Amino acid sequence: MTVALEGRRSIGSLWAALFFAVLISIAMKTPALASGTGEGSADAAFFPESTVVLSRPSQDSGVELSFGYGYQDVAGSGEYLPIEIGIRNKTEAEIAGKLEAIIENGSGTEAIYGYDINISGNSSDTVRSTINVPEDVSELGIRLIKEDGTVLAERSEVLRIHGNGAELLVGILSNDPDSLSYFRGVSPGDSGLSTRTVILNPSSMPDTKEGYEQLDAIIISDFNMSRLSEEAVSAIYEWVRDGGALLIGMGVTSDPLGGFGELLEDLEMSAPEYQEVNMGLQYSTEGPDGAMLELMVRDVYLPYGIQVMQSGGLAVLTNVSVGSGVIGLAAYSLCDISDFCYEQLGYVEELLGDLFGSA
């Protein structure tokens, strides 16, 4: 399937260098404009948890449309918005033409994103793309047009856009995402901002930085990073450069960094080994040694990295500035400290605060 895009705009920055400037900038993000990336696929849905069938599907045309957006129906205003449109051809005839996604802002200016399609009879296809949604838009129009100009289906869908600047949207990528749910609803650095977590689908990660525009941070742990394509790694890296925050947990995972390791020059990383880690006296309820955990850790060294959290001679969290964003490398698996973090949410706030606080 080929993709044609009509409608371009420019992109704004997200994060400032210092911690409070970073947090303020999250609440004041400027609109980013679509690059026109998109593709069709019959694979598993990009947003399987948010896709919904549009109301009143056209019965006469024999075509049904489904629609999903953002991450689990969570989307912020003035951002690039990932969308997924499913097309089901219930007729015997092939459908060739164009699928259009239509955005109209309050002033009446219309942007049309067009995607060439060719669907065999009794089959389905999926269009995935990233579009720009201005702050004053609440509806998306969808139109399926045959090559002869016949409109097979035309629908509009209300976008439930969250304009709450007090939320940080955090994407979770892990083989065990439930064990990272302690990152939900915490306030980094007593900022008054609260985190909302969404689970990322490893089989359909966006391959452009615009696909991650909705996210303020991505947390990866207990996940073999070699599963990510080179395009997905490059897209996340460019998203970080534009102001994103990426936190990677190491531990015993066979390939905790994947392609990111190649992008961090002069990186040195030890083999995993068990070590007692002092999580901090302030988190102890049973004396000086009450916050000691035996964890599988990797010692990480980067000459230009900043060791923002330490335990003895171990760099617990090493931050690397990348453009206007940051990559944080945690020595342990973030899943392995799940039980501790559920009891000590202050540690989670400290961890995220130290991540966001790096220029």
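**Reading aromatic pairs and salt bridges**

Analyst: Let us begin with Tyr 182, which is found in the loop between β11 and β12. Helices (H or I, at least four residues) and strands (E, at least two) are DSSP runs, numbered from the N terminus. This is a predicted model, in which local features need pLDDT of at least 70 and side-chain atom pairs count only at pLDDT 80 or more, while totals for chains, interfaces and linings use all residues. Residues are numbered from 1 along each chain as its sequence is written, and side-chain values use heavy atoms, with hydrogens and water left out.

User: Is Tyr 182 buried or exposed?

Analyst: Buried means under 20% relative accessible area, exposed over 50%, and partly exposed in between (1.4 Å probe, protein chains only). Tyr 182 has a relative accessible area of 1%, so this residue is buried. Tyr 342, at 40% relative accessibility, counts as partly exposed.

User: How many aromatic pairs does the structure hold?

Analyst: Rings of Phe, Tyr and Trp (its six-membered ring) pair if their centres lie within 6.5 Å; planes under 30 degrees apart count as stacked, over 60 as edge-to-face and the rest as tilted. The structure holds 7 such pairs. In one of them, the ring centres of Tyr 182 and Tyr 342 are 5.9 Å apart and the planes stand at 85°, so the pair is edge-to-face. This pair links distant parts of the chain, since Tyr 342 lies in helix α4 (residues 338–343), 160 residues from Tyr 182. Ring pairs also bring Phe 183 into a cluster with Tyr 182 and Tyr 342.

User: How many salt bridges does the structure hold?

Analyst: Side chains of opposite charge can pair when their charged atoms come close. A salt bridge is a side-chain nitrogen of Lys or Arg within 4 Å of a carboxyl oxygen of Asp or Glu. The structure holds 7 salt bridges. One of them joins the side chains of Glu 167 and Arg 196 (3.1 Å, N to O). That pair links distant parts of the chain, with Glu 167 in strand β11 and Arg 196 in strand β12, 29 residues apart. Glu 167 is partly exposed at 23% relative accessibility, and Arg 196 is partly exposed at 27%.

User: Which residue meets Lys 209 in a salt bridge?

Analyst: The side chain of Asp 242 meets that of Lys 209 (3.0 Å, N to O). Asp 242 lies in the loop between α2 (230–241) and β14 (245–249) and Lys 209 in the loop between β12 and β13, so the pair ties together parts that are 33 residues apart in sequence.
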